[in-house]
Amino acid sequence: MKKPSIVAIQRLDVVAGLTAAAVVLPKAMAYATVAGLPVSVGLYTAFVPMIVYALLGTSRVLSVSSTTTLAILAGTQLGLAVPDGDPDKLITATATLTALTGALLIGASVLRLGFVANFISSPVLTGFKAGIGLVIVLDQVPKLLGVHIAKEGFLRDILSVAHHLPNTSLLTLTIAIAAILALLAMERLWPHSPAPLVAVSAGIGLSWFVGLNSLGVAIVGFIPQSLPSITLPTLSLVQQLLPGALGIALMSFTESIAAGRAFAAPADPLIKADRELLATGTANLAGALFGSMPAGGGTSQTAVVRAVGGQTQKASLVTACAAAATMLLLAPLLSLLPQAVLAAIVIVYSIGLIKPAEFVSIRKVRRMEFRWALAAFLGVLAFGTLQGIVVAIVLSLVGLASQSANPNVYVIGRKRGTDVVRPLSPEHPDDETFEGLLILRPEGRLFFANAQRVADQIQALVVEHKPRVLALDMSRVFDIEYSALQMIMEGERRITEQGMTCWIVALNPSVLEYIRASGFADRLGPERLFSSVRGAIQHYTTSFNQN
């Protein structure tokens, strides 16, 4: 197939960048309101961070600005730092939070901590994002109703919203419902369409002709008609904002790396995790100086870039230029935008974080991991969004420890008429075993946390089968820690005392080196060390006259 020319690629990038701008800019303004910030901050976030990432990132199409998750996390932290909502203090706190996020990401890049993105398991992340999605939706409901509540936590906010229902502005609610229905219809009939732009334009037009503000419908209000000015962080807030910045940095990187990998074409360069840390960190640090909120790669906006043919980061540069033009030319019009329309945009594009089907799928495959997902979901609702990150990480690490501490030990048989060996299972009832020979295969890394459990499983199977020879197939053991090696040596001693023989089979080179260094290999001798299960079976059938 003929490759597109450079001119064709550039034309595709321009189209992709403008199309992405129609989706990204309205959503960025909406996400700023989620964080309790002026809509102009959303435009700033779609400007400077996007440019910086385009110059440094390894993904060809990742679009970097604000996201729903980052917005709610930032809003929670800013609410704690500036409880009175003072505008000047909020701007300074936002700059400090974003700068801290950037500095942490850059520091992680220097320390080559890109692997940390894999520390939150997929089921736990599913639960965490579902909780975030529900929190965001509830956060926007008062704007749909045209009421104001004091935020006191998820459960109390539900009661507060219910209490304020009699004060609902029917005009505000009508506008919000119309916007939600229009957005849902356009997304269903025309995926990756500039639906947010259409909703924003319609809301501004209605506000202009009808005078919604005079009818009691809240509008965005004044937006400065200029590019962002320099905003300096303050050291006095560092200690207070640092824990939140850690969580935001983790989620920024996790979302960015996931989106970058999800939309990478086969011919694209590999996404380099440590370089992504540097790129997103620098994007946030530079954005902080120009008033932006924490930024990261967005899945939906990156999908738009890829769907309309974007090939390189020039598309992001075009989107950033559109953000600048919006700030310079369209600020007066944007000030007329109804808050209910922004709330509708947030809800429509946040509800996708809640994926019941994914919970069902997890439960079908792994009930334990379903419980982790459910616990992460409830953790966000019960403890808050930032604490929810801690819950998600702890659950992921507990899950990792649980899996590592409970390795399987399989009884191995041979496919009849072949040299293929595999674990015995009801699916293969004809696999043959050998009287007096028990072949056991432990799997994974053997270390202090699982050594005793593995020993107990081996002992139970030895008691059950009463073999003449126990052959430990170590082909799936890629590493063995000192405690586990001592366990095997002690197990071999006990088996020998009971009149049985222990063979060690198919050792990986590194494990064999440890066994030799311990002196265990000399104790076994070459007659009890085999390079393969096939060789051990052949020796057994020959030596013990088995058929």
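Begin by selecting threonine 67, which sits in the loop between β1 (64-65) and α4 (68-81), where helices (H or I, at least four residues) and strands (E, at least two) are DSSP runs numbered from the N terminus. The model is a predicted one, in which local features need pLDDT of at least 70 and side-chain atom pairs count only at pLDDT 80 or more, while totals for chains, interfaces and linings use all residues. Residues are numbered from 1 along each chain as its sequence is written, and side-chain values use heavy atoms, with hydrogens and water left out.

Threonine 67 counts as buried because its relative accessibility is 7%; buried means under 20% relative accessible area, exposed over 50%, and partly exposed in between, with a 1.4 Å probe and protein chains only. Show next its contacts (heavy atoms within 4.5 Å), which, leaving aside neighbours within four places in sequence, are Tyr31, Glu255, Gly296, Gly297 and Gly298.

Now select Leu37, Leu73, Phe128, Ile132 and Leu183, the residues with the most contacts inside the largest nonpolar core, which has 116 residues; such a core is a set of buried Ala, Val, Leu, Ile, Met, Phe, Trp, Tyr and Cys residues joined through side-chain atoms within 4.5 Å. Helix α1 (residues 6-34) gives the most to this core, with twelve residues.

Move on to the open sheet of six strands, ordered β4-β3-β5-β6-β7-β8 with mixed pairing, where two strands pair if DSSP finds at least two bridges between them. Strand β3 (residues 409-414) runs antiparallel to β4 and is joined to it by three bridges, with glycine 413 opposite arginine 422 in β4.
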